[in-house]
Each structure stands twice: as C-alpha cells, then as structure tokens.
Amino acid sequence: SIEGKRGEPRMRPPYIAQIGLFGRPTLEHNFETLYWVRDIVEKGPQWFSGFGRHGRKGLRSFSVSGRVKEPGVKLAPAGITVQELIDEYCGGMAEGHQLYAYLPGGASGGILPARLNQIPLDFDTLQPYDCFIGSAAVIILSQHDSARDAALSMMRFFADESCGQCTPCRVGTVKAARLMEAPKWDMDTLEDLSQVMGDASICGLGQAAPNPIRCVQKYFPEEIQ
C-alpha cells in the first residue's frame, strides 16, 4: 500500500530483508519492541529482564476485553497467567460472570477453556495447546457465552477481512462460516477445509483461520454435537 499498490501479501522468498519496500532491503520491527528500546538503553537489560513470571522475562502489553470489570490495555509481566491477569489487573470477572473460556491471542490465537487458566502467556508457551499469543489481545468469555458462537464470529471476521488473493482463504473462510452455522458441525468437511487453508493460504490470516475451529472441536465438543 505504501508503494501505491493494492495491499496484498507477497510470496516468500524473497523476504523483505532482501527485497522489500520499493525493491530495497527493508527492516521490519514490532512496534512494541521499538517502544522499549529507550528504557532498556537508559536502565539496562537487567531492569527489563527483572520483570516476568513463571520463568519468563520482560513486560508485555495485554489488550483485555470481554467479561471483566476493568477491560483495557494492561502492562503486565511476561508469563502472567490469564487468571492472574483477570484478578490483579482487571478487577476480577464482571458481576454475575464466571470464567468459561478465553482467547489468548486475538481472533486467530485459538480458544482455551477455563480449566487451562494457569498457562503462562508468552510467545512460545501456548503452542502445545494449539494456540498462540499473537498480539496479546486477550478476550474473556463467561458462562453466558459459547465457544462455538465466538468461533463463528471470528470466521465471519476472517471472511470479511480476506483480501481475496488466494482461493483457500477467500473461499475457505466463507464456506467454513456457513458450515459452522449448522446446529451440528460437519467435522470431516471442516477438518478438510482447515487443512487446505492452513497449508495453502499465502499469509497468516488464512493459515491461522482454522485455529478457532480446531480449538472448539478439541476443548468444547459438547457445544457442536
């Protein structure tokens, strides 16, 4: 888009460090990384690594929304658990709500049940549970919500946000959303779609779109049978 072209993902390689903006080698940084550079230079790396829990180091910005008393962006230690995040930084659950499930990394980061509320939230701690931290946009669901409805909402979001460049994402997200509207999910067809989207989509949106489907199948089977 900066180059005046339609905003679409590119096939890699070549990577942007080789051929990037206007065909020149380009460095790409996460803005949160750049945010901490000055403080780390002024106060030293030991200051930054002095924060953290459960074996992790540093600070993270968690954007917490959903059924909590005090949603918002929370600066908290890396490796904090969702239960600690709710209790210590969000004022607890909203009145009349109990933790039922949570999304640890935004729309594509997967959905986990309340019983897994003690997993450290960091970049490589959630993969064994088929989830990831992503942008650390944590969404809290209660007993008044359902994981299947959340997954369907996210799939509709992916279908709307797809740039349409590659067929697996453009067609797969729309078809998956239609299948997920059924009272009982067609597991075999959804798994086939998930496999194709994950393997053949060009960018991360299509590749990660199946995550909510697989998490509902794995952790909330009673909702879709």
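This is a predicted model: local features need pLDDT of at least 70, side-chain atom pairs count only at pLDDT 80 or more; totals for chains, interfaces and linings use all residues.
Residues are numbered from 1 along each chain as its sequence is written, and side-chain values rest on heavy atoms, with hydrogens and water left out.

Helices (H or I, at least four residues) and strands (E, at least two) are taken as DSSP runs numbered from the N terminus. Five strands form an open sheet of mixed pairing in the order S2-S1-S5-S3-S4, two strands being paired if DSSP finds at least two bridges between them. Because strand S2 (72-77) and strand S4 (112-113) stand at the edges with a single partner strand each, one side of each is left without a neighbour in the sheet. Strand S1 (residues 59-66) runs antiparallel to S2 and is joined to S2 by six bridges; Ser63 has Val73 in S2 as its bridge partner.

Helix H5 (residues 167-180) has 14 residues, which at 1.5 Å a residue should span 20 Å, in agreement with the 19 Å between its end C-alpha atoms; the expected span is 1.5 Å times one less than the number of residues. Buried residues (under 20% relative accessible area, 1.4 Å probe, protein chains only) of H5 include Pro168, Gly172 and Met180. The buried residues of H5 pack against helices H4 (147-161), H6 (187-200), H7 (204-208) and H8 (211-219).

Asp122, in the loop between S4 and S5, is buried, with a relative accessible area of 5%. Apart from neighbours within four places in sequence, Asp122 is in contact with Arg56, Arg60, Ala78, Gly79 and Ile133, contact meaning heavy atoms within 4.5 Å.

Notes. Buried means under 20% relative accessible area, exposed over 50%, partly exposed in between (1.4 Å probe, protein chains only).
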